[in-house]
Amino acid sequence: MIYLDYSATTPVSYDVLESYNKATRDYMGNANSIHSLGVKSKALYTSAVKQICDLFNIENDELVITSGATESNNMALKGVAMQYKNRGNHIIVSKLEHPSIYKICEFLETQGFEISYVNNDSDGLIDFEDLKNLVRPTTILVSICAVNSELGIRQPLKTIRQIIKKENPNTIFHSDMTQAIGKVPVNMYDVDLASMSGHKIFGPKGIGFLYKSNKINIVPLIHGSGKYNDLRSGTPMLPLVVALSKALRIAVTDLESKENHVAKLNQMICNKLMEYPNIVINSTKYSIPHVLNISLMNIRPETFLHALEEEEVYVSTNTACSSGDFSSSVMAVTNDKLRASTTIRISLSYVTTFEEIEKFLNIFDIKYNELLEVMS
């Protein structure tokens with residue numbers, strides 16, 4: 001099997017799974033309980049949370065454990081909207097967001113909030129002048145992802161924050177960092193809120209977090225009797241949090257060398273794909289190497305995906321949570337509906353090998369030519 005869909009999800013690493021299993025076996029107590037089993041579990045939970053916070057240089061009370069980025073995005077956008085609705089009803093998002101952001105925005109529109117969509121340039125970077133012009137006194141929130149899930153375009157969050165705060169110091173800045181954390185360096189001080197999912201970094205599904213600066217407040221989505229954080233009540237998810245902590249510590253270790261390895265794999269693929277006259281590379285100079293988006297201009301992407309699948313090669317057509325017939329992100333960058341409707345996303349990891357890529361390129365060539373012959 002050659003797995004090249006790491007942006008959709010990753011397998012749980014052995015070390016992470018061992019941490020999960022140990023926490024499940026040896027720490028049965030509810031961390032909210034005051035007896036010795038609960039105290040033991042509470043100590044492990046507190047330690048795991050501190051480890052995560054130390055990685056990002058944030059305070060313990062700035063970390064909200066969630067089920068993943070979709071919940072975190074909901075908590076961030078809805079929480080800010082409800083908390084600061086007396087200050088304004090205007091929200092700005094980019095045209096390169098994960099589908100969950102747009103679904104939340106659709107809901108907020110039914111609640112009386114106005115959504116503006118900031119433009120980007122032909123390389124996918126946010127149009128700074130457009131952003132500046134969109135921010136108004138009633139703008140309570142801007143949400144722009146750190147790395148786009150379909151093209152891998154990385155946004156300069158620090159610069160974006162500076163623009164937002166200069167125009168309106170009270171505007172809160174959120175970023176979905178799901179595709180950035182564990183792949184490229186991130187700085188939580190560039191934002192007020194940040195979302196992520198553990199299953200993108202070889203952790204288990206069903207766990208993630210929301211970073212929330214302690215300088216802002218948000219209304220919780222879930223109300224209950226939790227003791228750890230008023231924003232997300234419930235029994236602490238001890239084994240999952242321990243696993244997330246382990247996954248994050250592994251993910252950020254030797255980050256530069258891992259990224260360099262992935263960049264070489266990416267270049268290897270690009271060098272080969274540039275030989276095909278009817279294949280266009282959509283990823284831009286601002287895309288991280290982990291995500292390579294291409295368009296097969298004369299073959300249906302679903303047909304090609306399943307042709308590769310016959311040889312146990314796995315890629316995707318666009319982000320796993322998208323249900324559209326074309327990539328909204330590719331459309332936003334290229335303004336070309338044909339390119340946007342014929343996309344294949346190849347997503348790489350530091351565990352991907354050169355041998356896998358060589359085999360992938362050979363299979364790619366065979367399947368591509370076979371399909372061309374059938375269509376001719």
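**Sheet and packed helices**

Q: Which residue stands opposite H174 in strand 7?
A: In this predicted model, L193 of strand 7 stands opposite H174.

Q: How many bridges join strand 6 to strand 7, and do they run parallel or antiparallel?
A: Three bridges link strand 6, residues 172-176, with strand 7, residues 193-197. The two run parallel.

Q: What's the strand order in the sheet?
A: The order is 2-8-7-6-5-3-4. The sheet is open, has seven strands, and its pairing is mixed.

Q: Which are the edge strands?
A: Strand 2 (63-66) and strand 4 (114-118), each of which pairs on one side only.

Q: And what does the twist average?
A: From one strand to the next, the twist averages 20°.

Q: Helices now. Which strands does helix 4 touch?
A: Helix 4, residues 99-110, packs on the sheet and touches strand 3 (90-94), strand 4, strand 5 (139-143) and strand 6. The direction of helix 4 makes about 160° with that of strand 3.

Q: Where does helix 6 lie?
A: Helix 6 (residues 157-167) lies across strand 5 and strand 6. Relative to strand 6, helix 6 runs at about 155°.

Q: Back to strand 3. In what sense does it pair with strand 4?
A: Parallel, over five bridges.

Q: What's the handedness of the crossover from strand 3 to strand 4?
A: Right-handed. The chain leaves strand 3, passes through helix 4 and reaches strand 4, making a β-α-β crossover.

Notes
Residues are numbered from 1 along each chain as its sequence is written. This is a predicted model: local features need pLDDT of at least 70, side-chain atom pairs count only at pLDDT 80 or more; totals for chains, interfaces and linings use all residues. Side-chain values use heavy atoms; hydrogens and water are left out. Two strands pair if DSSP finds at least two bridges between them. Helices (H or I, at least four residues) and strands (E, at least two) are DSSP runs, numbered from the N terminus. Axes are lines fitted to C-alpha atoms, for helices over the stretch in contact, and angles run from 0 to 180 degrees between N-to-C directions. Contact means heavy atoms within 4.5 Å. A crossover is right-handed if, with the strands pointing away from the viewer, the path from the first strand over the helix to the second runs clockwise.
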